[in-house]
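Please consult the sequence and the coordinates alongside the text.

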Amino acid sequence: MTLPVGASLTESYSATELGYGTSFTVGQRVKTYDGKEYVFVQANGAITGDGYVVSIDEDYQATMTDTDTAATVAEGLSVGVAECAFDDDDYGWVQIYGACGIRSEQDALANSKIGPTADAGQVDDAGATGSKYFQGLHFGTATGAADAVNTTGFLNYPVIQLVGTYA
C-alpha cells in the first residue's frame, strides 16, 4: 500500500476531476513513507479543512463529526482526520493512522478520552462526558488557552465508542 501516482493527500477532487485519469477508488487505503495511513472517501457534506475530524461510514462517506452526528451513528464507526477542505460530494484522502494535527477546542487535555463537540469536526476531552468518544484518537500535549487549533495527536485506527465501554 503505497501512495498511487498522481495522488495528493492535501487536495480534494470533484467527480469530474476524479474521472480524468485517476485510479483512486472509494475505500482504497494507502501508506506513506513515514508510516501514516489514509483511506479514500467521499464527503457527505462539506469538510472545513485540515485537522477536522470526520466519521466514515461503511460506504466511505465522510461526515464532520459533532455531538449530534456522533449520537446517531453506530458504535465502532471509523473516524479519520482531513488534511484539506472538501466540498459536499468531493473525494479525497482522510488520515486514519499516525501522527497528525487534530482540530481541538480550548484547554483539551493530553492523555484523556477525546470526544466530539458541538463544533463540527472539533474535539475536546470534555466531549467525552457525553455518550460517545473516539477510541484510538489521542493528544500528546494539552492545547492550552488556544481555541480551534490543530493540536499534535496520534491516530490508531480510531472508532466511535460509547463512554464506559472498551473494545
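In which loop does Asp89 lie? Asp89 lies in the loop between β5 and β6 (91-104). Its phi is near 75°, a positive value in a residue other than glycine.

**Basis of the report**

This is a predicted model, in which local features need pLDDT of at least 70 and side-chain atom pairs count only at pLDDT 80 or more, while totals for chains, interfaces and linings use all residues. Residues are numbered from 1 along each chain as its sequence is written, and side-chain values use heavy atoms, with hydrogens and water left out.

**Overall architecture**

The protein has 2 helices and 10 strands. Helices (H or I, at least four residues) and strands (E, at least two) are DSSP runs, numbered from the N terminus. Read from the N terminus, the order of elements is α-β-β-β-β-α-β-β-β-β-β-β.

Of the 167 residues, 47% count as buried; buried means under 20% relative accessible area, exposed over 50%, and partly exposed in between (1.4 Å probe, protein chains only). The accessible surface comes to about 7,600 Å², and 50% of that area belongs to carbon and sulfur atoms. These areas come from the Shrake-Rupley method with a 1.4 Å probe, and for residues only the protein chains shown count as cover.

Among contacts with a separation of 6 or more, 63% involve residues 24 or more positions apart; contact means heavy atoms within 4.5 Å.

Strand β3 spans residues 53-56 and is covered on both faces. Val53 and Ser55 on one side, and Val54 and Ile56 on the other, are all buried. In a regular strand the side chains alternate between the two faces of the sheet.

Two strands pair if DSSP finds at least two bridges between them. β3 pairs in the antiparallel sense with strand β5 (residues 78-82) over 4 bridges, and Ser78 in β5 is the bridge partner of Ile56. β3 also pairs in the antiparallel sense with strand β4 (residues 61-64), over 3 bridges; here Val54 stands opposite Met64. Strand β4 has a further pairing, with β2, in the parallel sense over 2 bridges. Ala43 stands opposite Ala62 in β4.

β3 and β4 form a hairpin with 4 residues between them. Tyr60, in the turn of this hairpin, has a positive phi of about 65°, although Tyr60 is not a glycine.

**Accessibility of selected residues**

The table gathers several residues by relative accessible area.

| Residue | Relative accessible area | Class |
|---|---|---|
| Tyr60 | 28% | partly exposed |
| Asp89 | 42% | partly exposed |
| Ala82 | 0% | buried |
| Cys84 | 8% | buried |
| Cys100 | 11% | buried |

Ala82 lies in strand β5. Leaving aside neighbours within four places in sequence, Ala82 is in contact with Ile47, Gly49, Asp50, Gly51, Tyr52 and Val94. Ala82 and Met64 are 18 residues apart in sequence, and their C-alpha atoms are 9.3 Å apart in space.

Although Cys84 is buried and Cys100 also counts as buried, the structure holds 0 disulfides, a disulfide being a pair of cysteine sulfur atoms within 2.5 Å.

**Aromatic residues**

A search of the whole structure finds 8 aromatic pairs. Rings of Phe, Tyr and Trp (its six-membered ring) pair if their centres lie within 6.5 Å; planes under 30 degrees apart count as stacked, over 60 as edge-to-face and the rest as tilted. One of the pairs is formed by Phe40 and Tyr91, which are stacked at 6.1 Å centre to centre with 10° between the planes. Phe40 lies in strand β2 (residues 37-43) and Tyr91 in strand β6, so the pair ties together parts that are 51 residues apart in sequence. Both Phe40 and Tyr91 are buried. These two residues belong to one aromatic cluster together with Tyr13, Phe24 and Trp93.

What lies over the face of Tyr133? Lys113 does so, at 4.8 Å from the ring centre. A charge sits over a ring if NZ of Lys or CZ of Arg is within 6 Å of the ring centre and within 35 degrees of the ring normal.
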